[in-house]
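Hi,

Here is the structure I promised to pass on.

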Amino acid sequence: KWLLLDTALRTGQWWWACILIAGSLLAAAYVFKVVSLGFSQTGVRRKKGECPATMEWSAFALALAAVLLSLVAPWLLLLMDIGLPFEMRLNSGVSE
């Protein structure tokens with residue numbers, strides 16, 4: 001991420017830098033929330049195995065999205081190959 005951020009700032013594309021920083025802050029927020037729950041001692045005790053339904057469904061949705069993205073990746077790569085300028089193809093590696 002640091003190389004992406006450095007390149008975005010050097011080339012004057014500050015909006016990419018803002019997106020990278022926002023994504024990093026969001027990732028840090030949910031990681032720190034989970035870590036803080038692990039180290040906190042609150043009076044709320046739950047039964048073993050009890051979890052809110054929203055947490056279960058959000059984890060399931062993210063896992064399903066990852067699997068579906070891996071299944072459509074070959075078609076997405078072909079779509080990107082079509083849009084390359086100057087007849088450069090991803091599989092050849094050289095300009096024709």
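Let me start with Trp57: this residue is exposed, with a relative accessible area of 59%. For the wording, buried is under 20% relative accessible area, exposed is over 50%, and partly exposed is in between, with a 1.4 Å probe and protein chains only. Phe60 is partly exposed, at a relative accessible area of 48%. Both Trp57 and Phe60 sit in helix H3, 3 residues apart, which is about one turn of the helix. Helices here are DSSP runs (H or I, at least four residues), strands are runs of E (at least two), and the numbering goes from the N terminus.

Some housekeeping before the rest. This is a predicted model, where local features need pLDDT of at least 70 and side-chain atom pairs count only at pLDDT 80 or more, while totals for chains, interfaces and linings use all residues. Residues are numbered from 1 along each chain as its sequence is written, and side-chain values use heavy atoms, with hydrogens and water left out.

On confidence: pLDDT is the predictor's confidence in each residue, from 0 to 100. The protein chain averages 80, and 77% of the residues score at least 70. Helix H1 (residues 2-10) has the highest mean, 90, and helix H3 (residues 53-82) the lowest, 86.

Now the overall layout. The protein chain has 3 helices and 0 strands, so to speak an α-α-α pattern when read along the sequence. Of its 96 residues, 5% count as buried. The accessible surface comes to about 8900 Å², and 73% of that belongs to carbon and sulfur atoms. Accessible areas come from the Shrake-Rupley method with a 1.4 Å probe; for residues, only the protein chains shown count as cover.

Back to Trp57 and Phe60, which also turn up in a nonpolar surface patch. Its other members include Leu64, Val67, Trp75 and Leu79, and the patch has about 1300 Å² of accessible area together. Patches take residues with over 30% relative accessible area and no salt bridge; like charges are joined within 9 Å, and nonpolar side chains (Val, Leu, Ile, Met, Phe, Trp, Tyr) within 5 Å. Leu79 lies in helix H3, and counts as exposed because its relative accessibility is 56%.

How many aromatic pairs does a search of the whole structure find? There are 2. The rings of Trp14 and Trp15 have centres 6.0 Å apart and planes at 80°, so this pair is edge-to-face. The rings of Trp57 and Phe60 also make an edge-to-face pair, because their centres are 5.8 Å apart and their planes at 85°. Rings of Phe, Tyr and Trp (its six-membered ring) pair if their centres lie within 6.5 Å; planes under 30 degrees apart are stacked, over 60 edge-to-face, and the rest tilted. Trp14 counts as exposed at 56% relative accessibility, and Trp15 as partly exposed at 40%.

Trp16 is found in helix H2 (residues 14-39) and is partly exposed, at 44% relative accessibility.

Finally, the charges. The whole structure gives 1 salt bridge, meaning a side-chain nitrogen of Lys or Arg within 4 Å of a carboxyl oxygen of Asp or Glu. The side chains of Asp6 and Arg10 form it (3.0 Å, N to O). Both lie in helix H1, 4 residues apart, about one turn of the helix. Asp6 is partly exposed at 25%, whereas Arg10 is exposed at 68%.

Cheers
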